[in-house]
2 protein chains.
Amino acid sequence: MDTAPPLSPTARSTVRRGAPRARTDRAELYAVLDAGLVGHLGIVLGGAPVVLPTGYGRRGDTLYLHGSTGAATLRAAAAGAPVCFTVTHLDGVVYARSAFHHSVNYRCAVVHGAARAVTDPGERLLGLEALTEHLAPGSWTATRQPTRKELAATALLSLDLAEASVKVRTGPPVDDEEDLAAPVWAGVLPLRTVLGEPEPCPLLPEGTPVPDRVLTRSV
Amino acid sequence: MDTAPPLSPTARSTVRRGAPRARTDRAELYAVLDAGLVGHLGIVLGGAPVVLPTGYGRRGDTLYLHGSTGAATLRAAAAGAPVCFTVTHLDGVVYARSAFHHSVNYRCAVVHGAARAVTDPGERLLGLEALTEHLAPGSWTATRQPTRKELAATALLSLDLAEASVKVRTGPPVDDEEDLAAPVWAGVLPLRTVLGEPEPCPLLPEGTPVPDRVLTRSV
């Protein structure tokens with residue numbers, strides 16, 4: 001229950017483009033974003049926040065987000081409302097000698113800004129390619145490209161990474177000195193995401209081989 | 001890139017207490033919430049959304065959230081501002097025969113409401129117990145209880161589950177009829193979270209055994 005904001009980071013870096021530690025911090029930001037598959041997009045609708053899981057892709061300092069043109073959140077974001085996009089990885093449960101100092105190890109990137117609706121046809125294709133390749137590397141060229149109708153049904157937003165921060169907590173629990181002698185186990189139980197065996201679509205012709213882009217991908 | 005909102009659910013249930021499907025939907029909502037370790041709390045600060053990963057615990061139809069009393073987001077939430085709390089599990093990457101129909105399998109619970117600052121000492125202990133036990137089952141009784149000072153530093157909020165919805169996508173890709181003959185692999189690459197080997201705190205006396213509460217826990 002360690003209550004330093006929001007998840008008891010022992011290391012924190014705020015990343016702003018152009019700041020002294022920019023290069024290192026950018027690398028850290030990219031690493032956290034690139035390692036995720038889905039982020040949580042926050043937007044204000046009618047005065048109240050809405051937080052929804054959202055796919056994304058990155059090209060340089062631009063995040064691309066997409067969804068249905070019918071989604072109210074995306075319409076509001078496309079109209080220039082401020083958004084917050086957060087990607088979190090849980091790396092472990094931190095067991096402490098006190099209930100209070102229990103925590104989690106994690107990496108988290110938080111991006112603030114106003115999203116922009118991407119309307120240029122060329123940028124739309126690049127953004128959708130980034131999204132597809134982020135989710136399923138190799139799929140953009142290996143599968144059918146979007147039709148005009150599909151493109152029309154897709155809202156594509158871009159979000160600049162100018163205002164972004166990364167927080168990371170790693171390592172063992174930080175217990176109070178007077179608790180260290182307690183006969184209580186303390187440490188970290190690591191968490192990680194793994195891939196299972198590919199499950200072919202039932203409509204696939206028998207014997208269709210699983211391609212390398214699926215077999216060799218990692219998460 | 002399947003763009004039905006927000007992540008191409010093939011099944012969707014909106015859960016409101018008292019509705020006809022309430023019992024079943026409640027079970028589904030509880031299951032999604034109880035299977036997560038961290039959710040994403042959205043709140044409006046200065047007109048802009050802020051989305052931060054946040055620990056939680058559940059008792060019946062009440063979620064408990066906590067953080068530092070110094071965190072601006074928690075202070076705003078404790079003052080009655082509307083919040084959105086979202087818990088998402090990624091279950092698989094869905095490879096389709098077209099870029100457009102790529103998707104993810106997932107389970108997602110979204111809770112809307114106004115949080116309440118928990119001030120009653122008895123409820124505060126129950127809430128913190130729920131939080132600790134959610135993160136680390138068995139830890140509440142096995143470790144040192146919170147001191148008065150620790151309690152004073154902890155903001156504890158409750159959020160009613162009256163307004164909550166669950167979305168789930170499962171199964172293979174949903175491709176267009178005319179793409180089915182394409183010589184492109186399609187299917188699902190399952191994702192799951194696994195636990196690693198416990199990593200003892202370096203300050204632990206040699207030979208301290210790893211307790212069952214750690215060895216036998218699951219995620």
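A: Start with burial: of the 219 residues of chain A, 54% count as buried. Buried means under 20% relative accessible area, exposed means over 50%, and partly exposed lies in between, using a 1.4 Å probe and protein chains only. This is a predicted model, in which local features need pLDDT of at least 70, side-chain atom pairs count only at pLDDT 80 or more, and totals for chains, interfaces and linings use all residues. Residues are numbered from 1 along each chain as its sequence is written, chains are lettered from A in the order in which they are written, and side-chain values use heavy atoms, with hydrogens and water left out.

Q: How is a salt bridge defined, and how many are there over all chains?
A: A salt bridge is a side-chain nitrogen of Lys or Arg within 4 Å of a carboxyl oxygen of Asp or Glu. In one of them, A:R26 meets A:D61, with the closest N and O atoms 2.7 Å apart. A:R26 lies in helix α1 and A:D61 in the loop between β3 and β4 of chain A, so the pair ties together parts that are 35 residues apart in sequence. Helices (H or I, at least four residues) and strands (E, at least two) are DSSP runs, numbered from the N terminus. Both A:R26 and A:D61 are buried.

Q: Which residues are linked with A:R144 in a network of salt bridges?
A: The network links A:R144, A:E150, B:D176 and B:D179. Between A:R144 and B:D179 the closest N and O atoms are 2.8 Å apart. That pair crosses between chains, from the loop between α4 and α5 of chain A to the loop between β9 and β10 of chain B. A:R144 is partly exposed, at 23% relative accessibility, whereas B:D179 is buried at 6%. A:R144 also forms a salt bridge with B:D176, at 3.3 Å.

Q: How many residues does each chain bring to the contact, and what area is buried?
A: Contact means heavy atoms within 4.5 Å, and 92 residues from chain A and 92 residues from chain B take part. Buried area is the accessible area (1.4 Å probe) that two parts lose on being put together, summed over both. Here that area is about 7,600 Å², with carbon and sulfur atoms giving 70%. Four salt bridges are found across this interface. Strand β10 of chain A gives the most to the side of chain A that touches chain B, with nine residues.
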